[in-house]
Amino acid sequence: MDSKKPGVLRNLRQKMLPNLLRSKKSPSKSPVHLEHTMDHRMSSSVPDIRYMRHDFSHVCSSPPLQQHNAPSYSSPSSPLVKPKRGLAGGGSGLRMEAVGGGSGRSEHRLSVPVDSTDWASSQESFNSLCDEDKSSPETIYRPVGGMEAEELALPEMITVYSPDPPSVEVSQDSSQSEMGHETPAVAENSRSSLRSFLLTINLKEGRNLVIRDRCGTSDPYVKFKLDGKTFYKSKVVYKDLNPTWNETFSLPVKDLNQKLFIKVYDRDLTTDDFMGSTSVTLSDLEFDKVNELSLPLDDPNSLEDDMGVVLVDMSLSRRDGDSKKGPAGGASQNFRLSESLRKSQLWTSVVSVTLVEGQELPLDSQGGQLFVRFRLGEQTYKSKNHCKVSKPQWRERFTMNQFLDGHTTLEVELWSKEGRRNEECLGTCEVDLSRVPVNQRQLCTHSLDQGRGRLVFLLTVNTCSGVSISDLCAAPLDEPNEKQNQLENYSLKRSLKSLRDIGLLQVKVLKAADLLAADLNGKSDPFCVLELGNDRLQTHTVYKSLHPEWNKVFTLPVKDIHDVLVVNVFDEDGDKAPDFLGKVAIPLLSIRRGQQITFPLKKEDLGGLSKGSITLELEVIFNPVRASIRTFQPRERRFIEDNPKFSKKALARNVLRVQTLYRAIMSTLQYIKSCFQWESVQRSLLAFLVFMVTVWYWEFYMLPFFLVLLISWNYLQIRSGRVSQDVANMDLADEDEDDEKESERRGLMEKIHMVQDTIITLQNLLDEIACFGERIKNTFNWSVPFLSGLALLVFAIATILTYYIPVRYIVLTWGINKFTKKLRNPYSIDNNEVLDFLTRVPSDVQKVQYSEIRGSKKKKIL
């Protein structure tokens, strides 16, 4: 077969030359049109072709074909191709290479080695192209109708040689003709790596998904991953194994030779459960057509055979060539993702819930506690624990945000708790918020399922328009008209309108610098989460940067001027929980209007500095009258608070705080005692005169007047600089890091003794508080008849004296006795008669210790 190759080449050349000469002489084929066509067909895989348009006017005659036996080198994106045969079997074909000429121009030769078995099909395709060329000279420059670029590509056949080895020289006419068929395939195949495509995805629904919750359902949501990054997360559909999402989003894609991974999770309070995954190869999608896909879910680590399917519509389209150059594609992607993220965060109404009481609740056991859990979408509120009674009274109020496309069903659950971890759901009920009138309070009395009692609560749905997310160039308060409207809305003359609308907060999240590197590549994927009370807003993610710039503006309604704005910086970590990078806590009352401030990031417990800083610009507008009224109302509690964990560091710190307060109280009492002891004659005399005048002219208004004087005195002291507001250095370091430092300095026994001393101090403090209360109780319950009778006699005498003698005189008599006791008896022992009496009354522990054992009845000392 090798001997027939020269004949085939000669036959091919004889058939193609007439057509090439005819097309060259055709007046319709202008050089301008050829230049445009060649520009359209450029490819980075064949870099020398773009210079061919300069040499078409210097076409020479076709030199004779020469065979060569030289090694061939592939393009950077192709593997190395070496011929397996000798001179006859090395193959010949079209080759383009640059040869220097005397006039400074270069001739280009393209070499396309083809296996001998492909010659027949290649010759037929060339003949068909030549026949079509007679009727349309442009046919050789566009792909065959109905075929995509991937079908025209000829892998394992296209090879770009190095410019120096010997080649088969072909005339420019032959090169031009054969490239008319081959170059589109080369260009289309190589351009696919640089071309930008737009992938539009419509997540429709899931069917027959697996069960992951104990109630027999799941709370599914979907994550879409491409190139190892999660670029879209759907909403959560609660308690549904056949969820409907109907969410549409778009994404620019440059490489079609990658897979799009779709993963389904079950939303939980702690860790989300995996429900299966699937993937789609982008190159399998048809262009400019809606691909309706039914994707079965699978989990290699699960024993379940059928995990359900996800129905997705995908369409892939080519984007304009100019859009792929520069950062326009990335900016478009960020815009789409941030727009989707923005819409999913904004709420349009606020649901106010007041939990009143429970009625006819079951009492399976006397011990334990009851609490109520409310759920609206992903928001969950847990009420206070109440002891188990048939009619518990909670009387607490909270609010939840209702989103535009969010859930309208408020789920209410009654739970029983015994111990730290043993919880049981006693009953549930649901409320359809779409049926609740807006701005009207509704009294709801809902019976729990299985007839296990009723829950009574109040519901109010109020509209909310104070939340927004915008770009830096469109900040709401930067517009004079909008800012004037807000100042007018929160002015003093409108103080008694909308008392719950306290104010408005605008946060400009500008940038961060020098963040922690959380990824293996030495970078991070940071994003910010803003928290104000129970409201949360989030920025988009800036990938692979330690100095991100978000330049976003957030506005939040202020429900309490005493709230604290918390800005958390996290590192996005795909399907895993985000890594913490730092946080900042800013009280609203400390915000200075319109100033750009760079805050150093702190650790998670706000006890020490973390790495990096964040730059914010804050502005708050509020009505002082509404804020003052709100101050005297119950503070809003967090939705779900973490269960407290034991920390010896926190225990030691709290004991130290109590000791500090105790020392301050004892210091004040010691100062008063020194006045009675006449340690300083001037001070004691002045105190005695103030006491006499105050008691003699006492009126009740003097009590708040005294507090006014005290607060004013402290204000003057602080303004003069004599007293500082700064809190003394308090150790808030993280326990783990502190343990590492302590381990270098202390041994195990020293740590044990330190913890032991702290616990002993706490034990004694609790014992004193308990004894004091128990002794007061035992005074009135005749635990010791003598002491109870003595107390009865004293109270009877006090009743008679206060009936006949004004209290003013009694207090004067007591004061004169206290001030003159030291003068009358310099060696008297100072005492408190009431405390001395209570020390004689036994506590409950002492009662058990001193009691006699009667029969077999024994009491245990705990």
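Colleague: Why is Trp-415 called buried?

Modeller: The relative accessible area of Trp-415 is 11%, and buried means under 20%, with exposed over 50% and partly exposed in between (1.4 Å probe, protein chains only); Trp-415 is therefore buried. This is a predicted model, in which local features need pLDDT of at least 70, side-chain atom pairs count only at pLDDT 80 or more, and totals for chains, interfaces and linings use all residues. Residues are numbered from 1 along each chain as its sequence is written, and side-chain values use heavy atoms, with hydrogens and water left out.

Colleague: How do you know whether Phe-371 is buried or exposed?

Modeller: Phe-371 has 0% relative accessibility and therefore counts as buried.

Colleague: What makes the rings of Phe-371 and Trp-415 a pair, and of which kind?

Modeller: Rings of Phe, Tyr and Trp (its six-membered ring) pair if their centres lie within 6.5 Å; planes under 30 degrees apart count as stacked, over 60 as edge-to-face and the rest as tilted. The centres of Phe-371 and Trp-415 are 6.4 Å apart and the planes stand at 5°, so the pair is stacked. It links distant parts of the chain, 44 residues apart: Phe-371 belongs to strand E14 (residues 369–376) and Trp-415 to strand E18 (residues 409–418). Strands (E, at least two residues) are DSSP runs, numbered from the N terminus. The structure holds 22 aromatic pairs, and ring pairs also join Phe-676, Phe-688, Phe-691, Trp-814 and Phe-819 into a cluster.

Colleague: What places Arg-373 over the face of Trp-415?

Modeller: A charge sits over a ring if NZ of Lys or CZ of Arg is within 6 Å of the ring centre and within 35 degrees of the ring normal. Arg-373 lies over the face of Trp-415 at 4.9 Å from the ring centre. Likewise, Arg-318 lies over the face of Phe-287, at 4.1 Å from the ring centre.

Colleague: Why are E17 and E20 described as standing at the edges of their sheet?

Modeller: The open sheet has four strands in the order E17-E13-E21-E20, with antiparallel pairing. Strand E17 (393–403) and strand E20 (442–447) each have a single partner strand, so one side of each is left without a neighbour in the sheet. Neighbouring strands here are turned by 25° against each other on average, direction ignored.

Colleague: How do you know that E13 and E21 pair?

Modeller: Two strands pair if DSSP finds at least two bridges between them. Strand E13 (residues 347–359) and strand E21 (residues 454–463) have 10 bridges, in the antiparallel sense. Glu-357 stands opposite Val-456 in E21.

How values were computed: Axes fitted to C-alpha atoms, helices over the stretch in contact; angles between N-to-C directions.
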